[in-house]
Amino acid sequence: MSRPFDTVLIANRGEIALRVARTCRELGIKVVAVHSTEDRDSAVVRAADQAVQIGPAPARQSYLNMAAILEAALRTGAQAIHPGYGFLSENPDFPEACAANGIVFVGPSAAVMARLGDKVAARSLMAEAGLPLLPGSLQPLDNVEDASAVAAEIGYPVIIKAAAGGGGRGLQVVLDKEDFAAQYHATRAVAQSLFGDGRVYVEQFLPHARHVEIQVLCDGHGNAVHLGERDCSVQRRHQKLIEETPSPGLSADVVRRMGEAAVLGARTAGYVGAGTFEFLVDPGGGFSFMEVNCRIQVEHPVTEMVTGVDLIREQLSIAAGRPLELTQADIRPVGASIECRVNAENPDVDFAPAPGRLEVFVPPGGPFVRVDTHGYPGYRVSAAYDSLLAKVVVWAPDRDQAVARMRRALAEFHVSGPGVHTTIPFLRRVLDHPDFRSGRHGTDLIARLPSGPA
């Protein structure tokens, strides 16, 4: 593929910024990295053609500073901005501001992002498209009486969700009606604090469901494909820890129907770019739409490992206005892939952040092992940002071999430094759990693990 842009600015940090930079390099695209004062020695700054400091460590003064990022793009002649995930990646004001300055935003339009970023609006739109939904409200519930009535109609347990929520935040499970009013008000307060939007809605809660998502690619010429599923059921407080594909125990027919539903939903929304449709799958194999993520996902490497498709490359090509070169018949996943998120956290003290200077950082290697990381010996993990330090991704012909390969890879991963802890020991415990090994686990697996040191 000829290069879609001459210069791309990456409006992010950490492993995803480096991941995007690598594909740009392979395409002959010059890379502009923006960084806070805290990240002046980051790996992506070292890898970039140009680096621009955009502010101090607090994200609102740097990675969320739209004006500073746009100024950096204009000053360096960047034709496009890749937002990565988090930060401004799902803020519809950002693509709108990019367009106003003649810069291409690598992602969906502001209008589509706004429509799908509102979880209630997205739920309503997908209901119109015919996607299956869990019982619940299709409108925000602005008072506790209406919300309580919906919960009573559904039946407990229910989950209260922030309409503007994301990243596993702004969610509250309610087990019985006595707790509902307090949790309703608490969730609204959290939603207002986190997202500046206190609107909430109510859905049925499935305690032993699987969290399965479908990757889609859609161009501006009416072409759309899905790249199969990712199982993200291993979660702690709605935060994903381990992802894999294919999803254990899911039939090919269910995956096919979920893929078709995701493509239908994307077409209905007028989606252009790489996106992810998230579903809950009940123990009987029935699936229900949850939400759409309008960005590249942390867990995208497992899809790349089984399909051979570079999703960042496809994002850049679509953003340049080119038609998809892939058809649905071209997507033929092979083998099994697993990703483990390695965070700088201490699992023995409730996963408290454990940043610090890395004196030892030896990532694993060997056949079919991929490590996406911004860490290196001497790097200081900052307390100012997300604790994700690395993603270990493996591929194997089948799931059993992939699990064995991941266990070997995590055993090879050595990280140490004053005050630094990682989730590696905890991830190994999860891999050894009989329910995970047999593929019978749901989103409640972590809650059932015994607490305390491994």
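Here are legends for a few close-up views of this predicted model.

**View 1. Two helices, H1 and H11, cross each other.**
Helix H1 covers residues 14–26 and helix H11 covers residues 311–319. Their axes come within 9 Å and cross at roughly 70°. That makes H1 roughly perpendicular to H11. As for handedness, the H1 and H11 crossing is a right-handed one.

**View 2. A closer look at where H1 and H11 touch.**
On the H1 side you'll find Arg19, Val20, Thr23 and Cys24. Facing them from H11 are Leu311, Ile312, Arg313 and Leu316. Sort the residues of this contact by type and you get 5 nonpolar, 1 polar and 2 charged.

**View 3. Cys232, a cysteine without a disulfide partner.**
A disulfide is a covalent bond between the sulfur atoms of two cysteines. To be counted here, the two sulfurs have to lie within 2.5 Å of each other. By that rule, the model has 0 disulfides. Take Cys232: its nearest cysteine sulfur belongs to Cys340 and sits 12 Å away, so no disulfide is counted for Cys232. Is Cys232 buried or exposed? With 0% relative accessibility, Cys232 counts as buried.

**View 4. Cys294, with its sulfur too far from another for a bond.**
Which cysteine has the sulfur closest to that of Cys294? It's Cys218, but the gap is 11 Å, so the two sulfurs are too far apart for a bond. Cys294 is buried too, because its relative accessible area is 3%, and the cut-off for buried is under 20%.

Note on methods: Residues are numbered from 1 along each chain as its sequence is written. This is a predicted model: local features need pLDDT of at least 70, side-chain atom pairs count only at pLDDT 80 or more; totals for chains, interfaces and linings use all residues. Side-chain values use heavy atoms; hydrogens and water are left out. Buried means under 20% relative accessible area, exposed over 50%, partly exposed in between (1.4 Å probe, protein chains only). Axes are lines fitted to C-alpha atoms, for helices over the stretch in contact, and angles run from 0 to 180 degrees between N-to-C directions. Helices (H or I, at least four residues) and strands (E, at least two) are DSSP runs, numbered from the N terminus. Angles under 35 degrees count as roughly parallel, over 145 as roughly antiparallel, 65 to 115 as roughly perpendicular and the rest as oblique. A crossing is left-handed if the near helix is turned anticlockwise from the far one by less than a right angle, and right-handed if clockwise. Contact means heavy atoms within 4.5 Å. Ala, Val, Leu, Ile, Met, Phe, Trp, Tyr, Cys and Pro count as nonpolar, Asp, Glu, Lys and Arg as charged, and the others, Gly among them, as polar.
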